[in-house]
Amino acid sequence: MLQLRQASDFFSSGPGSGKGTQCANIVQHFGFTHLSAGDLLRAEIKSGSENGTMIQNMIKEGKIVPSEVTIKLLQKAIQESGNDKFLIDGFPRNEENRAAFEAVTKIEPEFVLFFDCSEEEMERRLLSRNQGREDDNIETIRKRFKVFLESSLPVIEYYNSKEKVRKIDAGKPVEEVFEAVKVIFTSNSEKATV
């Protein structure tokens, strides 16, 4: 069981909303360790492990990888980081992920950052980013949107009921979005020191 001084935040929003860009800014500005569930899963695929093959097949179908697989990868990354402040990007993806993560790690986020961005804008960004990712094609992108709406929005609603969601309009330019992010992180860190 992983026991940490809790200072973790979940970062959730649809694919292509700017999570990766803003996570890099948050890490640089606030000293968090960025843990991207997607990056950890892609690294596991590249490892050629049995888990990697299963993950690859699920991602191709636009499905959510089993919680225990992702949590194990996140726990390993948390333990290896040497930091006590984490920004967990792209997880939890559904209510079962959320409950399993909190039960296994005993970590509940201080807050959940939610980027509100239209499907049209996210699709445009994904198709233009050209990172060579297998899941950046129109068919898979639309499956990912559907999964996000059906599975991830209920997680946002759960945390919203606990007054932990901080919502940002992510359709704006990168710099404006980060100014809004800074306000949230600065006010949260001030509350933690009071």
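1. Basis of the comments. The model is predicted; local features need pLDDT of at least 70, side-chain atom pairs count only at pLDDT 80 or more, and totals for chains, interfaces and linings use all residues. Residues are numbered from 1 along each chain as its sequence is written, and side-chain values use heavy atoms, with hydrogens and water left out.

2. Annotated positions. In an unreviewed entry, UniProt places the feature "binding site" at Arg42, Lys63, Ile64, Val65, Gly90, Phe91, Pro92, Arg93, Arg133 and Arg144. The annotation "binding site" from an unreviewed UniProt entry also covers Asn97. UniProt positions follow the numbering used here, feature names are shortened, and annotations may be inferred rather than shown by experiment.

3. Asn97. This residue is in helix α5 (residues 95-105); helices are DSSP runs of H or I with at least four residues, strands are runs of E with at least two, and both are numbered from the N terminus. Asn97 has a relative accessible area of 1% and is therefore buried (buried means under 20% relative accessible area, exposed over 50%, partly exposed in between, with a 1.4 Å probe and protein chains only).

4. Surroundings of Asn97. With neighbours within four places in sequence left aside, Asn97 is in contact with Ile64, Val65, Ser67, Ile71, Phe91 and Pro92, where contact means heavy atoms within 4.5 Å. The side chains of Asn97 and Ser67 make a polar contact (2.5 Å). Such a contact is a pair of N or O atoms within 3.5 Å; within protein, one must be able to donate a hydrogen and the other to accept it, and residues adjacent in sequence count only if both atoms are side-chain atoms.

5. Loop positions. Lys63 lies in the loop between α3 (50-60) and α4 (67-81). Gly90 is in the loop between β3 (86-89) and α5, and its relative accessibility of 21% makes Gly90 partly exposed.

6. Ser152. Helix α7 (residues 138-161) holds Ser152, which is buried at 2% relative accessibility. Beyond neighbours within four places in sequence, Ser152 is in contact with Arg93 and Val147.

7. Helices α2 and α4. Helix α2 (residues 37-46) packs with α4 at an angle of about 100°, the axes being 10 Å apart. Axes are lines fitted to C-alpha atoms, for helices over the stretch in contact, and angles run from 0 to 180 degrees between N-to-C directions. The two helices, α2 and α4, are therefore roughly perpendicular (65 to 115 degrees). Ala37, Leu40, Leu41 and Glu44 in α2 meet Thr70, Leu73, Leu74 and Ala77 in α4.

How values were computed. Parallel < 35°, antiparallel > 145°, perpendicular 65-115°, else oblique.
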